[in-house]
Amino acid sequence: MLLLFVVGSIGLVFYYDGQLHRTDALVAYAGRPADTPGTNWLVVGTDSRADLSEEQRAELSTGDSEGSRTDTIMLVHKPPSGSAMLISIPRDLYVPIPGQGSHKINAAYSLGGPQLLVQTVEQLSDVHIDHYAEIGFGGFAEVVDAVGGITICLDQPVNDPKAGLNLRAGCQKLNGQQTLGLVRTRAFPNADLARVVNQRKILSALMDKATSASVLANPFRAIPFANGSVDALTVDSGDHIWNLAGLAFALSGNPITTTVPNAGNVYTDDGDSLAVGDNTEEFFAHIRAGTAVPDDLLSDSGGVVG
């Protein structure tokens with residue numbers, strides 16, 4: 001019985017690994033940064049609606065925009081020692097995009113897909129990206145529902161009709177549609193900077209739930225979660241299901257969460273943007289060296305998720 005269990009488990013791992021969607025996100029190019037200490041993931045949430053029916057678009061309040069843009073850009077850094085870091089890169093950060101001039105960083109994906117986004121982040125940070133993961137609107141909601149929803153505590157009510165969102169203050173269990181609305185909404189005075197704080201806390205809560213015994217030891221949760229994850233995720237051609245498992249456990253272990261520091265608001269050809277500053281370079285210098293980032297460069301306040 002033990003042998004059957006072990007063989008069956010290994011078989012499932014390779015089955016799900018074979019079901020992952022893959023893309024060539026990490027490619028060689030002239031001037032690419034060399035390997036940096038630790039392990040670095042680029043985790044991307046896109047606003048693609050391509051796989052959603054009209055009914056799903058209405059249910060999830062996604063609108064009807066065509067194409068794909070990066071709604072969320074996060075760097076997950078696992079240093080040689082110490083806690084993992086979950087780092088939000090504001091989508092309004094104004095940066096050079098190779099071959100395209102300077103734009104808000106979220107334009108890189110729409111201009112050149114995952115390859116150009118990875119290259120843009122690497123050139124901004126001089127940090128080598130080792131792994132890539134991408135998820136769209138519908139996939140994110142499906143994964144949340146697969147684990148039975150997640151409990152989120154809000155410091156204030158959130159009402160955003162554009163995101164199909166009307167939530168009370170306090171702790172409550174959210175389903176996939178509600179969680180998607182909460183990670184998307186920018187209905188705050190500081191807009192995107194508040195949203196990225198919410199996104200980090202929601203992702204950590206989802207990974208906590210996904211790696212809990214209530215999911216992993218329950219086949220009625222674990223199998224739908226595995227099915228939903230492999231169907232929803234796109235990874236680099238060199239990534240595997242065991243890499244994703246390592247990412248999930250790193251994010252469930254109380255990671256350090258922060259936003260890439262910047263030099264403040266600036267008006268550009270792309271409209272209101274965030275400028276790269278000396279603090280941006282100092283922050284990434286610590287990531288490149290695999291050393292602890294000083295507290296004065298960390299920021300994890302401003303959202304509504306407690």
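The model they are taken from is predicted.

With that numbering, Gly-238 is found in the loop between strand 12 (233-236) and helix 9 (241-252). Gly-238 has a relative accessible area of 44% and is therefore partly exposed. Its separation from Asp-130 is 108 residues in sequence, while the C-alpha to C-alpha distance between Gly-238 and Asp-130 is 9.4 Å. Another loop position, Asp-126, lies between helix 3 and strand 7 (131-135). Asp-126 is not a glycine, yet its phi is positive, at about 60°. The relative accessibility of Asp-126 is 40%, so this residue counts as partly exposed.

The next topic is the sheet. Strands of a sheet pair through backbone hydrogen bonds, and the pairing is either parallel or antiparallel. In this model, 4 strands make up an open sheet with the order 6-5-15-14 and mixed pairing. The edges are taken by strand 6 (101-104) and strand 14 (265-268); each has a single partner strand, so one side of each is left without a neighbour in the sheet. On average, and with direction ignored, neighbouring strands of this sheet are turned by 55° against each other. Strand 5 and strand 15 (residues 271-275) run parallel and are joined by 2 bridges. Tyr-94 has Ala-275 in strand 15 as its bridge partner.

Side chains of opposite charge can pair when their charged atoms come close. The cut-off applied here is a side-chain nitrogen of Lys or Arg within 4 Å of a carboxyl oxygen of Asp or Glu. By this rule the structure has 5 salt bridges.

One of them joins Arg-32 and Glu-122, with an N to O distance of 3.0 Å. Arg-32 sits in the loop between strand 1 (21-23) and strand 2 (39-46), and Glu-122 sits in helix 3 (residues 107-125), so this pair ties together parts that are 90 residues apart in sequence. Arg-32, with a relative accessible area of 22%, is partly exposed.

A second salt bridge is formed by Asp-92 and Arg-186, whose closest N and O atoms are 3.1 Å apart. Asp-92 belongs to the loop between strand 4 (85-88) and strand 5 (93-97), whereas Arg-186 belongs to the loop between helix 5 (176-184) and helix 6 (191-210), so the pair ties together parts that are 94 residues apart in sequence. At 14% relative accessibility Asp-92 counts as buried, and at 30% Arg-186 counts as partly exposed. Asp-92 and Arg-186 are also linked with Lys-104 in a network of salt bridges. A further pair is Arg-288 and Glu-281, with the closest N and O atoms 2.6 Å apart. Glu-281 has 41% relative accessibility and so counts as partly exposed.

A covalent link comes next. A disulfide is a covalent bond between the sulfur atoms of two cysteines. A search of the whole structure finds 1 disulfide. Cys-153 and Cys-171 form this bond, with their sulfur atoms 1.9 Å apart. The torsion about the S-S bond of Cys-153 and Cys-171 is about 100°, which means that the disulfide is right-handed. Since Cys-153 lies in strand 8 (residues 150-154) and Cys-171 in strand 11 (residues 170-174), the pair ties together parts that are 18 residues apart in sequence. Cys-153 is partly exposed, with a relative accessible area of 27%; Cys-171 also counts as partly exposed, at 47% relative accessibility.

Which helix gives the most to the nonpolar patch? Helix 1 (residues 2-19) does, with 3 residues. Ile-10 has its place in helix 1. The relative accessible area of Ile-10 is 45%, so Ile-10 is partly exposed.

Conventions. Residues are numbered from 1 along each chain as its sequence is written. This is a predicted model: local features need pLDDT of at least 70, side-chain atom pairs count only at pLDDT 80 or more; totals for chains, interfaces and linings use all residues. Side-chain values use heavy atoms; hydrogens and water are left out. Buried means under 20% relative accessible area, exposed over 50%, partly exposed in between (1.4 Å probe, protein chains only). A disulfide is a pair of cysteine sulfur atoms within 2.5 Å. Two strands pair if DSSP finds at least two bridges between them. Axes are lines fitted to C-alpha atoms, for helices over the stretch in contact, and angles run from 0 to 180 degrees between N-to-C directions.
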